[in-house]
Amino acid sequence: MPKTEETVSQNDPTEEESMPRMSKTPEQSQENSVCLEDHSPELIHTVKEVSKMSIAHEIVVNQNFRVEEKILPPNSPEGKLTEKMYDAFWDHLREQLSSIPPDFTSALQLLKDVKEALLSLLLPRQVRLKNEIEENLDMDLLKQESEHGALDVNRLSNYILNLMIQLCAPVRDGAVKKLKDVTDPVLLLKGIFHVLGQMRVDMINYTIQNLRPYLQEHSIEYERAKFQELLNKKPNLLDHTTKWLTKATADVTASLACFESTSSSSNSFETPSLTMVLYQGYLNLLLWDTEDDEFPETLLMDRGRLKEMAFQLDQLTVLASVLLVARSFSGNVLFNSPTFVDKLKSITKVLTEDFNSRPEEAMLSVSEQLSQEIHQGLEDMGLTALSSDNTTSLIGQLQNIVKKDNCVRTVIDQRIRLFLKSCFIRGIQESLLDFPGGLILIKEELEELGRRFVNLMYRNQQVFSPYYVEIFKNIIHPVQDSGREL
């Protein structure tokens, strides 16, 4: 029996959104509960609780979270195998219905699944419609009809189509109406099953949309309570979080010691505050080794997002470094043209997409392409073109950006991180008023990254602050930290 699968997407939906005429969440698919029965009840419960908390967290922090139909690439091994299995099922159904007398075994199972799908789309108040479905798709009665060769598949299919028109979202009206023209019973049942799967996805996403405001209001308390339940069962659940905060405390302490050693007005050593330590800890996450498994437990649900932000930060560092070097050779005239700057940015972004895996090749392409663009830009404006020596120097300096200790790249990286730290301390708007020099050409991109990063970490601080306070008390001497709060 084929199954409709769903997967989650973090991208903006490209299809026109329409409000489905249903809002009750159906039973969740059991496909992902692989081998859980082989484990202890406690582990099964823990996995389920973590899954609930992760889904609720994703809905709140990711406005683009939605469920989508899982479509396997047709040429992939999985896609080919799935297609063969589905084709085998429908071919088997056709053989059964074509036999004399007809065999309705597979058809009955399919009708049972369709009935369950239709019932899952109903609102609790739709009692009359529920009773109607139970009556018209009474499986015991249908089984008796099949045993006497009297099961009318076409009549049942038309009844199901009429129900689907009542229950589907407007965006599915066309697909359902097309099925009205299908006369082949197997193709009709196949189409019904496919569209019902899409209707189920529509309904789930509409439910998520309606659930989001409630989750946003109560998610902090919910996540904290769920985490506490897990912590009660596993007391060492905060071990990695403790190591993370300990390192951040050491970083802040070293920074304060360095500052005070160079400050003539300082008479006593300042103890770092938990707020300072948290901000440093959050910034350290953008430098996290992807192979390191000791990621803070309180941030595991955001690890994927933080990894993506770290990647974007590296890209912005390279982009700003490239533009700074290019500007030093082409002068302000070219870079006063937004069109020219946008063109260089677009070229650099495209050519550095694989920077992490092929840095030398990426920067070679960037240096060659940008030197040509600058040469052509100067010519178009009637300005003196770059000499061969300057062109060689430009290409060389651009290629040197590949080195992590490159002076331009190092300065840009430091300024980006100082800006992000300022966003924590002073807020986004005030930090934008004092924007770091050398980063103005990536201001829009850096502002967007800063907002997402800071908002995500502020929320983490709200959820887990009670745990951070207790951990911090054990890191800093209690006497020094008495009374300190977030």
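Predicted model: local features only at pLDDT ≥ 70, side-chain atom pairs only at ≥ 80, totals over all residues.
Guide: Helix 8 passes helix 17 in a right-handed crossing. Residues are numbered from 1 along each chain as its sequence is written, and side-chain values use heavy atoms, without hydrogens and water.

Visitor: What makes helix 8 oblique to helix 17?

Guide: Helix 8 and helix 17 (residues 443-475) pack at an angle of about 40 degrees, with their axes 10 Å apart. Axes are lines fitted to C-alpha atoms, for helices over the stretch in contact, and angles between N-to-C directions run from 0 to 180 degrees. Under 35 degrees is roughly parallel, over 145 roughly antiparallel, 65 to 115 roughly perpendicular, and the rest oblique. So helix 8 is oblique to helix 17.

Visitor: Which residues in helix 8 and helix 17 meet?

Guide: On the helix 8 side, they include Ile220, Glu223 and Phe227. On the helix 17 side, Arg459, Phe464 and Tyr467 are among them. Contact here means heavy atoms within 4.5 Å. The residues of this contact divide into 7 nonpolar, 4 polar and 3 charged. Nonpolar covers Ala, Val, Leu, Ile, Met, Phe, Trp, Tyr, Cys and Pro; charged covers Asp, Glu, Lys and Arg; the others, Gly among them, are polar.

Visitor: Why is helix 2 called oblique to helix 8?

Guide: Their axes come within 10 Å and cross at roughly 140 degrees, with helix 2 at residues 77-98 and helix 8 at residues 185-233. That angle makes helix 2 oblique to helix 8. Helix 2 also passes helix 8 in a right-handed crossing. In helix 2, Asp87, Trp90, Leu93, Arg94 and Leu97 meet Val186, Leu187, Leu189 and Lys190 in helix 8. Those residues divide into 6 nonpolar, no polar and 3 charged.

Visitor: How do you know whether Val201 is buried or exposed?

Guide: Val201 has 7% relative accessibility. Buried means under 20% relative accessible area, exposed over 50%, and partly exposed in between, using a 1.4 Å probe and protein chains only. So Val201 counts as buried. Val201 sits in helix 8. Its C-alpha is 8.9 Å from that of Arg66, 135 residues apart in sequence.

Visitor: How many aromatic pairs does the structure hold?

Guide: There are 14. Rings of Phe, Tyr and Trp (its six-membered ring) pair if their centres lie within 6.5 Å.

Visitor: What makes the pair of Trp244 and Tyr282 tilted?

Guide: Their ring centres are 5.8 Å apart and their planes stand at 40 degrees, so the pair is tilted. Planes under 30 degrees apart would be stacked, and over 60 edge-to-face. Trp244 lies in helix 9 (residues 239-261) and Tyr282 in helix 10 (residues 274-285), so the pair ties together parts 38 residues apart in sequence. Trp244 is buried at 3% relative accessibility, and Tyr282 is buried at 0%. Both belong to one aromatic cluster, which also includes Phe227, Phe464 and Tyr467.

Visitor: How many helices and strands does the chain have?

Guide: It has 18 helices and 2 strands. These are DSSP runs, numbered from the N terminus: helices (H or I) need at least four residues, strands (E) at least two. Of the 486 residues of the chain, 42% count as buried.

Definitions and conventions. Left-handed = near helix turned anticlockwise from the far one by under 90°.
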